[in-house]
Amino acid sequence: MSKVDVLLGLQWGDEGKGKAVDFLAPKYDIVARFQGGPNAGHTLEFEGKKHILHQIPSGVFRQEIINIIGNGVVIDPIVFQKEILNLKSFDIDPVKTLILSNKAQLILPTHKLLDKALEKQKGESKIGSTLRGIGPTYQDKMGRYGLRIGDIIESDFEAKYNKLKSQHVAILERLGFVEDFTVQEADFFGSLEILRKFKIQSTEYLINEAILNGKDILAEGAQGTLLDIDFGSYPFVTSSNTTTAGACTGLGIAPNKIQDVFGIFKAYCTRVGSGPFPTELKNDEGEELRKLGNEFGATTGRPRRCGWLDLPALNYACMLNGVTQLFMMKADVLSGMREVKVCYEYKIDGHTTRQFPYEYNNYKYQTIYKSLKGWVVEGIPTFDNLPSNLLSFVHAIEKSTSVPITMVSLGPDRSETDFRK
Ligand code: GDP
Ligand code: IMO
Ligand code: MG
């Protein structure tokens with residue numbers, strides 16, 4: 001029996017999805033990215049080397065499997081070209097194993113300019129976008145103006161490009177944001193040549209035929225549930241559905257084909273960019289977490305904001321995604337702390353709640369914490385032999401979410417991974 005499993009982030013991104021996908025990939029025939037684009041930075045470490053992927057699925061180092069960039073993704077060909085060249089320096093040439101959906105949207109140089117201009121216009125209330133053109137590209141998709149990867153092999157591509165570019169330039173001029181982009185435009189057209197070397201097709205057929213033929217598929221999410229366009233801390237979110245539902249629309253997979261949903265979370269929380277973060281530690285403890293966890297963005301290098309684990313938010317994410325297994329990442333980062341805190345409810349106007357509030361953007365609520373005893377972990381003990389305080393932490397989260405934690409990650413390397421038998 002074929003299976004489709006989904007792996008996605010339950011917090012504000014950067015939970016360790018890249019590492020987890022790379023680890024699991026050999027169990028699958030296909031790994032497929034279903035949303036987001038070059039705003040993502042997925043880190044993989046093995047054999048003493050570190051790799052950061054932005055648009056290419058994290059199964060790419062397992063050369064025996066097929067990797068797909070699905071229709072829900074937005075692709076920047078310039079970033080794609082860089083990723084391919086980088087892979088080549090590690091003797092990986094995915095031209096035969098990486099397939100692109102003809103329906104994935106194309107990020108134009110002017111989408112990136114629009115991202116900058118719109119963020120500038122927002123001033124203090126800016127989203128903190130990665131400025132990779134994500135919002136404007138999804139806006140064009142929904143507005144039905146967008147260009148798709150399938151268009152780049154059509155003879156009228158340049159005309160379509162010029163038409164959309166003119167629309168963008170008109171908006172940029174209205175916004176008073178005029179920047180020369182001839183160099184970026186030349187890079188863009190140059191990089192399309194690389195893109196054209198890859199198989200571009202209706203990957204929804206490929207995926208569904210694979211399902212019929214008994215193949216196993218892992219759908220890889222980007223960002224995290226709390227950045228979801230519908231359910232995240234709107235408007236401080238990304239512009240796609242980062243939840244399990246996004247895997248259906250972003251790949252063309254029917255909901256009843258999905259089996260396991262692996263929900264990835266850190267043993268604490270981080271966030272890059274603006275927006276509410278109830279358990280944020282704006283003090284030395286937060287600084288310490290950032291240092292210990294090396295919490296700097298894999299895409300932009302920005303320092304990540306750090307704080308304690310937020311159980312109401314984690315429960316919300318488990319509910320929205322139908323998580324069947326939890327993977328807890330970076331438990332090693334908390335090693336050596338005397339106590340570890342978890343937020344288990346919020347207090348708003350004197351009332352307590354365990355629901356992720358609609359008024360998430362105003363800080364008129366308190367976070368109520370429980371303290372648990374810290375742990376010291378050395379090496380990679382088997383799951384049952386993890387320090388008892390770490391196991392108590394695991395059990396407390398399982399009790400709150402009613403979902404089993406089946407993996408604990410204790411370091412960035414592929415090998416530093418502890419699966420529950
Ligand atoms: P992603 O976007 O979800 O793939 O996560 P990122 O790659 O942006 O960020 C996760 C960071 O944590 C990367 O630097 C990983 O190498 C690192 N990492 C992943 N798992 C662990 C872990 O268990 N322990 C430690 N210390 N680092 C980890
Ligand atoms: P991965 O896949 C963490 C954040 C940005 C910003 C908001 C909107 O590596 O987990 P966008 O560029 O999408 O318009 O930015 O979302 N953001 C991420 N934060 N990890 C990511 O991806 C992110 N992708 C976007 O910082 O706050
Ligand atoms: Mg990341």
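Which polar backbone atom is 2.8 Å from an oxygen atom of ligand 1? The polar backbone atom of Gly41 is.

## Basis

This is a predicted model: local features need pLDDT of at least 70, side-chain atom pairs count only at pLDDT 80 or more, and totals for chains, interfaces and linings use all residues. Residues are numbered from 1 along each chain as its sequence is written, chains are lettered from A and ligands numbered from 1 in the order in which they are written, and side-chain values use heavy atoms, without hydrogens or water.

## Ligand 1

Around ligand 1 there are 20 residues (a residue is near if one of its heavy atoms lies within 4 Å). Lys17, Gly41, Thr43, Asp332 and Ser409 come nearest. By class, this shell has five nonpolar, seven polar and eight charged residues (nonpolar: Ala, Val, Leu, Ile, Met, Phe, Trp, Tyr, Cys and Pro; charged: Asp, Glu, Lys and Arg; polar: the others, Gly among them).

Polar contacts are pairs of N or O atoms within 3.5 Å. A polar backbone atom of Glu15 is 3.1 Å from an oxygen atom of ligand 1. On the side-chain side, a polar atom of Asp332 lies 2.8 Å from a nitrogen atom of the ligand. Alone, ligand 1 exposes 590 Å², and the protein buries 93% of that (Shrake-Rupley method, 1.4 Å probe).

Ligand 1 sits in the second largest pocket. A pocket is an open set of points on a 1 Å grid over the protein atoms alone, where a 1.4 Å probe fits, with protein on both sides within 12 Å along at least five of seven lines. A molecule sits in a pocket if more than half of its atoms lie within 2 Å of its grid points. Two elements give two or more residues to the shell: α1 (17–24) and β3 (42–46) (DSSP runs; helices are H or I, at least four residues, and strands E, at least two).

## Ligand 2

The space taken by ligand 2 is the largest pocket.

Ligand 2 exposes 550 Å² when taken alone, and the protein buries 97% of that.

## Aromatic pairs

The whole structure holds 14 aromatic pairs (ring centres of Phe, Tyr and Trp, its six-membered ring, within 6.5 Å; planes under 30 degrees apart are stacked, over 60 edge-to-face, the rest tilted). One of them is Phe157 with Phe189, edge-to-face, 6.3 Å centre to centre and 65° between the planes. Phe157 belongs to helix α5 (residues 157–174) and Phe189 to helix α6 (residues 182–196), 32 residues apart.

How values were computed. On a 1 Å grid over the protein atoms alone, a cavity is a set of points where a 1.4 Å probe fits but cannot get out, and a pocket is an open set with protein on both sides within 12 Å along at least five of seven lines; lining residues have an atom within 4 Å of a point. A polar contact is a pair of N or O atoms within 3.5 Å; within protein, one must be able to donate a hydrogen and the other to accept it, and residues adjacent in sequence count only if both atoms are side-chain atoms.
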